[in-house]
Amino acid sequence: MPLALIALAVGAFAIGTTEFVIAGLLPEVAADFGVSIPVAGYLISGYALGVAAGAAPMTILGARMRRKHLLLALMGIFIAGNLLSALAPTYGVMMTGRIVASLTHGAFFGVGSILAADLVAPGRRASAIAFMFTGLTLANVLGVPMGTFVGQSLGWRSTFLAVAVLGVVGLVGILALVPSRPRPAATHIGAELVVFRNPQVWLAIAMTVLGFGGVFASFTYIAPMMTEVTGFSEGAVSWLLVLFGVGLVIGNLLGGRLADRALMPSLYLLLGGLALVLAAFTFTSRAQGPAMVTIFLLGAFGFATVPPLQKRVLDNAATAPTLASAVNIGAFNLGNALAAWLGGLVITAGLGYTAPNWVGALMAAGALLIALTSGLLDRRAVPAGVPLPEGQPV
């Protein structure tokens, strides 16, 4: 893999760390600002909404820039947002810092996916995207536990200062290693919007919302599920999250390889497997050993869908992929927010802490149905006797 992908992965690691590390520091942040933990938790939802809302506008604003220059600008804004969070005198300023940092998330991963795919041969595009997203998965395995430890030991502000330093490392890496290429021909916003006339782009985005969202229907409530249903201690939850993170890393790399070989069949396999894992979790969550295996599989199947889902959007928006790619990154976060809300509804309705697993299973099954529909449309669009493009068999 080109060295430039390492720089992109470092940036992804920094962004992933700042997104998720706040969950482990909520008590400290709440105490410092004198707010309740639920109010402090809005710093998580505020970030997610910022990602979903900022993906398209930030990409549009940078449409006339070279992709390398846009990534550098995004990392600069990301660093500023984390510095603002670290130095925030009030809760409101802290929220502002979180939102500023989040606005760069969708555009960074969207533009970074395109750049990563362009750095390698056509048959390795999904693997290149997966390599960049490895930074995001490693953030869950290494960045979040380390950031939580630093915040609990030296104060939560130290964590956000450290993330800002990571952002500087990513910025320097992009500056030094990512090649500066001419602006893509289709930089006008009208050209970018044209791709949204393609129904396959919308089907791909819908797959993202439902497919990856299904993971978070379960994952959002994994702590109470493991302590109240499975019988783990509260201290064991952090190790279970590491197990989930290891599954993310392995699944991400595996998903990239599968997508390079056969994109749509890999989506059928992964989305179907994810639906089965989520449905099974309702039953395996009642015993510690099976629950641990299922948590690993949830991470593996869940993040294995990310490279093929992102590549599916890029393939169907090939003439002007930048905005579509960024919007799809926002769709991941939109799916997360939707799934968490639906999972909370079924718990509030008295169906128990395992009920969100069924919500996730139904969402993943819905994504599989959309994928099958999309594949059928692909086949109908190709005249009889003409083979489908490489990697696109249905």
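I began with Phe-33: at 14% relative accessibility it counts as buried (buried is under 20% relative accessible area, exposed over 50%, partly exposed in between, with a 1.4 Å probe and protein chains only). Tyr-91 is buried too, at 18%.

Ground rules: this is a predicted model, so I take local features at pLDDT of at least 70 and side-chain atom pairs at 80 or more, while totals for chains, interfaces and linings use all residues. Numbering runs from 1 along each chain as its sequence is written, and side-chain values use heavy atoms, leaving out hydrogens and water.

I then looked up aromatic pairs and got ten (rings of Phe, Tyr and Trp, the last by its six-membered ring, with centres within 6.5 Å; planes under 30 degrees apart are stacked, over 60 edge-to-face, the rest tilted). Phe-33 and Tyr-91 make an edge-to-face pair, because their centres are 6.4 Å apart and their planes at 80°. Phe-33 is in helix H2 and Tyr-91 in helix H5, so the pair ties together parts 58 residues apart in sequence (helices are DSSP runs of H or I, at least four residues, numbered from the N terminus).

Next I checked Phe-212 and Phe-216, a tilted pair with 5.8 Å between centres and 45° between planes. Both are buried, and they sit four residues apart in helix H10, about one helical turn.

Last, confidence: the average pLDDT (the predictor's confidence in each residue, from 0 to 100) is 84, and 91% of the residues score at least 70.

Notes
Helix = DSSP H or I, 4+ residues; strand = E, 2+ residues; numbered from the N terminus.
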